[in-house]
Amino acid sequence: MRRLVKLAMQKPELASAMLLLVLVVLFQIRSEGVFLSVNNVRGFLGLLPETALVAVGVTLLMISGEFDLSVGSVFALMPMTMAVLVVAGWPFWAAVAVGLLLCAFIGFLNGWLTIRFDIPSFITTLGMLFMARSLTVVISGGFPPRIKPGEVPSWIFVGFVDDGGLIRASVLWFIAIAILISLLLSRTNFGNWVRATGGFLPAAAAMGIPTGKVKIACFMICSVLAGFAGMIQSLRLNSFLPSIGEGMELQAVAAAVIGGTSLAGGVGSIIGGLIGAILIRVIDNGMVMSQIDSNWFKFAIGALTIFAVVGNAWLRRRGRAMKVETDR
């Protein structure tokens, strides 16, 4: 039993999971039962995949030891590109493919520039943040494209899949992608390479791991997931605006850190990033349902980020310090 407690305390997402449970109970009480009502859960599940998909990509990239501050701009660029092409007469799926390929190219460019010129990814992706946002505005021509309802098969991504209208298709997409990335990280050689690259780059390179290609692949996955999430939000709202996704990059980084991902790389899990994303959405929604001033939202996220880092570090230290009786 003591061995299990020791292992659990070293799990980086443990503190966040416990805090999530506490907050759900607290908001349920403060909102007088409204927080977990069917209508509120429906709205919560509609918003969650859009934040969580970006958090999954950012978590994977941070485990490899890099950052991407351009995901918020890519979040807007992909659906804008798709919408402009559809309005121009392109088939929907061809437009989606071009949008995702553009995201992949941006991810490749972020990774290649970072590695080729040995510059911090913070700087590379900060520049891409402004470039991609500007490109989104230019593509729109100053007038957001209008797609008539029924002109594209949006139900495949955002339609309700149950009779009660509780779960959207976006939730299923999100679950499938999260499971796929989690298995990629935990059950494949690529996942081992990602952790080794982020954990100690010189040792990983000495072992023959193609660290540069690994990081570029993570950058590309991160950008594609951000673009896909932006498309889901735009289809859900049936509105293609160049301003969507502003601040998304900071929420995604916060979700990864809250979920136990190390800022130094090498440590973290997809489930941790998901817990972090859920926590952010729970706080946002719970404050509204509890009639708390929404201006405290960013304060709460900042405090939660600090608390999660301190709490996870303390739990890991306590877990390593625990003595476990050896079998004789």
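This is a predicted model: local features need pLDDT of at least 70, side-chain atom pairs count only at pLDDT 80 or more; totals for chains, interfaces and linings use all residues.

Biologist: Good to know. How many salt bridges does the structure hold?
Modeller: There are three salt bridges. One joins the side chains of Arg 236 and Glu 50, at 2.6 Å from N to O. That pair links distant parts of the chain, with Arg 236 in helix α11 (residues 211-237) and Glu 50 in helix α3 (residues 38-63), 186 residues apart.

Biologist: Is Glu 50 buried or exposed?
Modeller: Glu 50 is buried, because its relative accessible area is 2%, and buried means under 20%.

Biologist: Okay, and which residue forms a salt bridge with Lys 215?
Modeller: That would be Glu 66, and the closest N and O atoms of the two are 2.7 Å apart. Lys 215 sits in helix α11 while Glu 66 is in the loop between α3 and α4 (71-87), so this pair ties together parts that are 149 residues apart in sequence.

Biologist: Are those two buried or exposed?
Modeller: Both Lys 215 and Glu 66 are buried.

Biologist: What about Arg 281, which residue does its side chain meet in a salt bridge?
Modeller: Asp 284, with 2.5 Å between N and O. Here both residues lie in helix α13 (residues 270-289), three residues apart, which is about one turn of the helix.

Biologist: And how do they sit relative to the surface, buried or exposed?
Modeller: Arg 281 is buried, at a relative accessible area of 10%. Asp 284 counts as partly exposed, at 27% relative accessibility.

Biologist: Let me step back to the overall fold. How many helices and strands are there in the protein chain?
Modeller: The protein chain has 14 helices and zero strands. Reading from the N terminus, the elements run α-α-α-α-α-α-α-α-α-α-α-α-α-α.

Biologist: What is the radius of gyration of the protein chain, and what would a compact globule have?
Modeller: The protein chain has 20 Å, and a compact globule with 328 residues would have a value near 20 Å, so the two agree. As for extent, the C-alpha trace spans about 75 × 55 × 35 Å along its principal axes.

Biologist: What share of the residues is buried?
Modeller: Buried residues make up 48% of the 328 residues in the protein chain. The accessible surface comes to about 16100 Å², and 68% of that belongs to carbon and sulfur atoms.

Biologist: And the contacts, what share comes from residues 24 or more positions apart?
Modeller: Such residues account for 77% of the contacts with a separation of 6 or more in the protein chain.

Biologist: Can we zoom in on a residue with contacts like that? Which residues is Ser 223 in contact with, leaving aside its neighbours within four places in sequence?
Modeller: Asp 68, Val 74, Cys 103, Ile 106, Gly 107 and Asn 110. Ser 223 itself is found in helix α11 and counts as buried, at 1% relative accessibility.

Biologist: Now Thr 81, please. Where does Thr 81 lie?
Modeller: Thr 81 lies in helix α4, and this residue is buried, with a relative accessible area of 8%. Leaving aside its neighbours within four places in sequence, Thr 81 is in contact with Val 98, Gly 99, Leu 102 and Ile 139.

Biologist: Last one from me. What separates the C-alpha atoms of Ile 271 and Gly 259?
Modeller: They are separated by 7.6 Å, with the two residues 12 residues apart along the chain. Ile 271 is found in helix α13 and is partly exposed, with a relative accessible area of 44%.

Definitions and conventions. Residues are numbered from 1 along each chain as its sequence is written. Side-chain values use heavy atoms; hydrogens and water are left out. A salt bridge is a side-chain nitrogen of Lys or Arg within 4 Å of a carboxyl oxygen of Asp or Glu. Helices (H or I, at least four residues) and strands (E, at least two) are DSSP runs, numbered from the N terminus. Buried means under 20% relative accessible area, exposed over 50%, partly exposed in between (1.4 Å probe, protein chains only). The radius of gyration is taken over C-alpha atoms; the globule rule is 2.2 Å times the number of residues to the power 0.38. Contact means heavy atoms within 4.5 Å. Accessible areas come from the Shrake-Rupley method with a 1.4 Å probe; for residues, only the protein chains shown count as cover.
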